[in-house]
Amino acid sequence: MSQTYRLWQNAWRDDPLASVTLELPDDWTVTEYRMPADDHRPLTGEELAARIRNPVGMPSIRELAASGREAVVVFDDLSRGTPAGMLVRLVIEELLAGGLGREHIRLLCALGNHAPLTRANFVQKLGEELVEQFPIYNHNPYENLVSVGTDRFGNEVLVNREFMRCDVRIGVGSVSPHPMNGFGGGGKLIFPGLAGIRTTYANHSRREFRPFSPEPCGLRRDIEAMTGMVMPFFKIDAVLNSRLEIVELRAGEHRQEHRQAVALSQALNGMRRAEGARDVVFVNANAKYNEALIAIRVAAMDLKPGGDIVLINHCPAGQVVHYLYSAFGSDYGGGCWQPYDKRPRSEIGRIIYYTPYPDVASRMGLSEPDKVVFAKTWDQVMSLLGTHGPGVRASVISDGTISYFQSS
């Protein structure tokens, strides 16, 4: 006999129902952590459109388009599970209804400091129709930037040139708990999403973080101050479940809509941790499938010292290339990269990386590469866990990249 758990692995796959099944021994004591969002129905197209048409804190997209000349629609990359295609289509409908012609609309991918997307990636994110009908550009953090001011420390604030040459600026993204920035979303799509590398380095290297907190940290305050330099900016933020469906959405002025979206994400993506600690934590990484380190940080909160984390991540692309944090050689990397022997050590025993697509570079992106053990099959996972013996206490987290354990 066994206990069975289904975890979604449908991010950017042709099969929207792709999943992984975990079969655990019947004599294990297993706690399943599901987000409240997983029990909510997704919003319909009409409900999404209604929320977008009734923004908080600024005019509607139609009103902006009626007085505008050139529009840019910014969207997040494949490191985020936002189903951007449906939202971008709704935005374009509003722009057209406001009087802007198609030839005055372009799309821009907010890569931040990640590697650029290909045409095939744009189709994954947006769908074939949008790729065929509108020009889509990758952000380049090294070139084609304009200065919009200085931050509170006197550092120049650089942002994407194409974004600034448009007078109607709309962003499409999502809000979820974040281990550095408290919660993502809001102006973060622009800073660092469309920022110059020097601007992002100045902001991130100060390490003014507040993990999983709705209260603005130094990083978030700087993001909001810099976004204020590029107004007007109309922002749309979705809240997702583990199937990558939109269960809530807010739109409008970047600070006001973000506060509302964060409150929704707290309620929908927060989990209550059970008493005690687990010998093994199984954590899924789907929504941010190529930034799986986020899931490990969440899983560690439910793990006893020396216990094992099983990271479920069937991402064929591996972990994202990050020009600030990735390694680019055996002992060097981007501006925020730290040597492995200088990184803080956790109390995690092993990170069993369950993936059919193992590669050494992905292991290097998980903070403590010496703890990572690859397992290509479920049988290999369970064989490695055989060292725990009978009576294992375990937990299963539906998606550790967009959830967190609430403190109270």
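## Cavities

A cavity is a set of grid points where a 1.4 Å probe fits but cannot get out. In this predicted model, a search of the whole structure turns up two cavities of 30 Å³ or more. The second largest cavity holds about 40 Å³ of space, and the largest cavity has a volume of about 50 Å³.

The lining of the largest cavity is made up of Arg-80, Gly-81, Thr-82, Ser-174, Val-175, Ser-176, Leu-240, Asn-269, Ala-287, Lys-288 and Ile-402. By class, four of these lining residues are nonpolar, five are polar and two are charged.

Around the second largest cavity stand Phe-191, Pro-192, Ala-195, Thr-199, Thr-200, Asn-203, His-204, Ile-223 and Met-226. This lining has five nonpolar and four polar residues, and no charged ones. Helix 7 gives the largest share of the lining, four residues. Helix 7 and helix 8 each supply at least two residues there.

How many of the 10 residues of helix 8 are buried? Eight are, so helix 8 (residues 218-227) is largely enclosed by the rest of the structure. The buried residues are Gly-218, Leu-219, Arg-220, Asp-222, Ile-223, Glu-224, Met-226 and Thr-227. Two of the residues named here, Ile-223 and Met-226, also belong to the lining of the second largest cavity.

## Strands 12 and 13

Strand 12 (residues 234-240) pairs with strand 13 in the antiparallel sense, over seven bridges. Within this pairing, Leu-240 stands opposite Ile-246 of strand 13. Leu-240 is also one of the residues that line the largest cavity.

The two strands form a hairpin with five residues between them, and in this hairpin Leu-244 takes a positive phi near 65°. Strand 13 (residues 246-253) is mostly covered, with seven of its eight residues buried.

## The second largest pocket

The second largest pocket contains about 370 Å³ of space. Helix 3 (84-97) and helix 4 (119-126) are the elements that give two or more residues to its lining.

In total, 19 residues line the second largest pocket, and those nearest its centre are Asn-10, Trp-12, Arg-13, Pro-83 and Gln-124. The lining divides into nine nonpolar, five polar and five charged residues.

## Cysteines

A disulfide is a covalent bond between the sulfur atoms of two cysteines. To count as one here, a pair of cysteine sulfur atoms must lie within 2.5 Å. By this rule the model has zero disulfides. Cys-109, for example, is in no disulfide: the nearest cysteine sulfur belongs to Cys-315 and is 15 Å away.

Is Cys-109 buried or exposed? Cys-109 is buried, with a relative accessible area of 0%. For Cys-336 the relative accessible area is 13%. Buried means under 20%, so Cys-336 is buried as well.

Notes
Residues are numbered from 1 along each chain as its sequence is written. This is a predicted model: local features need pLDDT of at least 70, side-chain atom pairs count only at pLDDT 80 or more; totals for chains, interfaces and linings use all residues. Side-chain values use heavy atoms; hydrogens and water are left out. Buried means under 20% relative accessible area, exposed over 50%, partly exposed in between (1.4 Å probe, protein chains only). Two strands pair if DSSP finds at least two bridges between them. On a 1 Å grid over the protein atoms alone, a cavity is a set of points where a 1.4 Å probe fits but cannot get out, and a pocket is an open set with protein on both sides within 12 Å along at least five of seven lines; lining residues have an atom within 4 Å of a point. Grid points are joined across faces, edges and corners, and a volume is the space filled by probe spheres set on the points. Ala, Val, Leu, Ile, Met, Phe, Trp, Tyr, Cys and Pro count as nonpolar, Asp, Glu, Lys and Arg as charged, and the others, Gly among them, as polar.
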